Amino acid sequence: MRRIALAERPDWRAKAADCGFGFHTIDDAPYWDESAYYAFSLREIEHDIESPTEELHAMALDMVERIVGSEQLMQQLAVPEPYRDWIAESWRRREPHLYGRLDFAYDGRGPAKLYELNYDTPTSLFEAAFFQWQWLEDQLARGQLPAGSDQFNSIQESLVEAFGTIARGIARPFHFAAVRDSNEDQGTIAYLRDCALQAGIECGTLAIEDIGISEDGRFTDLDDQVIGCLFKLYPLEDLFRETFGPYLPRSGLQLIEPPWKALLSNKGILPLLWDAHRGHPNLLPAEFDQGGALPRGWVRKPLHSREGANIAMHLDDGRELRTDGPYDGPCIRQACHPLTAFDGHYPLIGSWVVGDRACGIGIREDSSLVTQDSARFVPHAIVEEARGVLIA
Amino acid sequence: MKRSRTAALLLMGTAPLLLTACDRNEAREGLYTSVEACVAQTNDSSTCNQAFAKAEQEAVATAPRFANREECEASYGKEKCAERSDGNNHSFFGPLMTGFFLSQMMRNGVAANGFNSAPAFRDSNGGWQRPAAGGASGGVYRGGTAGTGMVPINATPNRAVTTSRSGFGRSSGSRGFGS
């Protein structure tokens with residue numbers, strides 16, 4: 001695994017505009033960054049990332065089976081009581097899910113270590129599945145990458161295929177919903193809707209704020225149609241505590257991601273996985289946080305935290321890092337395994353699972369050890385040639 | 001190969017691959033419970049507003065009439081009726097308009113000038129109806145026979161009157177995008 005500088009495609013901004021990728025620059029700061037890419041060998045991809053991703057995914061699903069059978073584990077994960085039966089039922093019925101992203105610390109010199117599972121509202125999807133793919137095709141065509149370069153990225157194919165597989169299990173009308181004023185989230189659901197349409201599924205989009213409730217407790221769209229299935233790019237735990245949350249279990253509304261995903265997007269899954277698979281090469285030691293000072297060599301994360309918010313890190317050398325954010329409540333501790341710097345940048349590997357299959361990666365790079373929403377997306381390639389050839 | 005063989009976009013790209021479906025002359029009809037819902041569907045706020053105003057105006061004249069509130073509520077539901085007067089000091093009861101019907105001709109995917117609109121009422125069984133075309137109006141009581149002069153609207157059965165919105169989305173300001 002190496003970080004290699006490469007000239008940008010001169011027309012990438014126009015290409016971004018052409019495909020509706022409007023958030024490549026966020027608050028004047030670059031988000032899409034193709035001034036460099038990460039090069040992997042095929043063995044690194046298949047042996048160190050793809051196969052651990054599928055193994056961990058299977059372990060996580062097994063863990064769901066255990067959690068839904070245990071009131072005590074539900075309690076430990078701080079799942080609100082009124083939603084527990086509904087969540088368990090959604091698992092027993094195997095309500096279809098679409099996707100998830102595992103975040104790994106990986107530098108090519110040892111096993112990838114799982115930081116967390118983003119199994120409810122993973123984003124950076126369009127950039128990984130489509131724009132990164134287009135970057136590779138363009139740079140190959142321009143002769144800027146070694147001939148035969150590839151990419152671990154069949155994400156879009158897998159999405160269309162997964163939608164096709166679950167199509168008959170999706171209640172209609174089917175809507176994709178996200179926060180109205182978030183360009184990034186709106187871009188992500190526009191992309192997912194595009195994939196669903198390609199699978200032949202009729203569907204629409206809706207702002208999450210526009211969802212209505214009827215007298216008899218069913219969820220409606222702007223035309224008072226009762227929504228059959230809602231893909232919500234919005235955290236389940238937030239839905240639970242908002243005004244309409246209590247209607248969910250009896251509304252008949254189908255959700256994607258389904259309610260049982262609340263158990264996997266919860267960082268409490270990390271100590272549970274560690275307990276069940278102690279010493280697994282891709283897991284970091286983890287435990288539920290009982291309060292008190294954070295010892296050296298540990299990281300504290302809230303059960304519900306996104307985008308690297310509210311993380312406390314106590315490094316082995318005594319340094320302490322802390323990020324701000326809106327999250328509080330119960331926490332877990334995870335052994336500190338800092339990201340490795342590449343030319344002063346800290347890459348985090350997001351490994352995608354679509355329809356239960358590992359199908360690609362996207363890399364977010366931050367200038368800090370904690371990957372936050374300011375992290376830039378940097379493309380990658382699989383290259384097998386000798387190093388000398390690579391330096392253009 | 002570890003990557004998608006091809007990756008194309010249908011709607012997000014600039015090429016309007018799906019617009020051919022609209023390239024026909026046909027009527028676009030809709031039943032809406034608010035101007036907002038109409039605009040969301042048609043993207044035509046001027047027509048939606050006009051249609052709503054026209055329907056509202058016609059609602060009093062064309063709605064079924066009942067001699068008393070109880071009879072009206074039996075057909076249209078509790079608190080769904082209002083007392084009205086026909087201008088000759090005759091007072092009666094009629095259902096409140098709960099939606100409006102809009103129909104437009106489409107030419108090459110664009111709405112042609114002009115539209116038809118009508119008030120819509122929802123009976124206590126949840127069915128939608130509108131006054132029959134050229135529906136009689138006037139000072140004739142139609143007490144007890146609610147629905148006279150009314151025709152059902154073939155609204156999608158899976159429809160429910162929304163009582164409130166904005167019950168989701170409050171937490172959005174507190175987080176960055178996705179995860």
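This is a predicted model: local features need pLDDT of at least 70, side-chain atom pairs count only at pLDDT 80 or more; totals for chains, interfaces and linings use all residues.
**Exercise 1. A helix in chain B**

Find how far helix α2 of chain B reaches from its first C-alpha to its last, and compare that with the expected span. Then list the buried residues of this helix and name elements that cover them.

*Solution.* Start with the helix limits: α2(B) covers residues 45-62, which makes 18 residues. The distance from the first C-alpha to the last is 25 Å, close to the 26 Å expected at 1.5 Å a residue.

Next, pick out the residues of α2(B) with under 20% relative accessible area, the cut-off for buried. These are T47(B), C48(B), A51(B), A55(B), A59(B) and T62(B).

Finally, look at what lies over those residues. The cover includes α1 (35-42) of chain B, together with the strands β4 (99-107), β6 (116-122), β7 (128-131) and β8 (150-152) of that chain.

**Exercise 2. Where the chains meet**

Describe the interface of chain A and chain B: how many residues are in contact, what area is buried, and which residues of chain A lose the most area?

*Solution.* Begin with the contacts: 76 residues of chain A touch 44 residues of chain B.

Now turn to area. The size of an interface is often expressed as the accessible area lost when the parts come together. Here, about 5,100 Å² is buried between chain A and chain B, with carbon and sulfur atoms giving 50% of that. On the side of chain A, L222(A), D223(A) and D224(A) lose the most area to chain B, and together they account for 13% of what that side buries.

**Exercise 3. Polar links and the make-up of one side**

Count the salt bridges and the polar contacts across the interface, then work out which element of chain A gives the most residues to it.

*Solution.* First, the salt bridges: the rule finds six between chain A and chain B. For R5(B) and E157(A), which form a salt bridge, the closest N and O atoms are 3.6 Å apart; that falls within the 4 Å cut-off.

Second, the polar contacts: there are 31 residue pairs across the interface, both residues being at pLDDT 80 or more.

Third, the elements. Those of chain A that each supply at least two residues to the side touching chain B include the helices α2 (42-68), α5 (125-141) and α6 (155-166), and the strands β9 (212-214) and β10 (219-220). The most comes from α7(A), with nine residues.

Last, sort that side of chain A by residue class: 32 nonpolar, 18 polar and 26 charged.

Definitions and conventions. Residues are numbered from 1 along each chain as its sequence is written. Chains are lettered from A and ligands numbered from 1 in the order in which they are written. Side-chain values use heavy atoms; hydrogens and water are left out. Helices (H or I, at least four residues) and strands (E, at least two) are DSSP runs, numbered from the N terminus. The expected span of a helix is 1.5 Å times one less than its number of residues. Buried means under 20% relative accessible area, exposed over 50%, partly exposed in between (1.4 Å probe, protein chains only). Contact means heavy atoms within 4.5 Å. Buried area is the accessible area (1.4 Å probe) that two parts lose on being put together, summed over both. A salt bridge is a side-chain nitrogen of Lys or Arg within 4 Å of a carboxyl oxygen of Asp or Glu. A polar contact is a pair of N or O atoms within 3.5 Å; within protein, one must be able to donate a hydrogen and the other to accept it, and residues adjacent in sequence count only if both atoms are side-chain atoms. Ala, Val, Leu, Ile, Met, Phe, Trp, Tyr, Cys and Pro count as nonpolar, Asp, Glu, Lys and Arg as charged, and the others, Gly among them, as polar.
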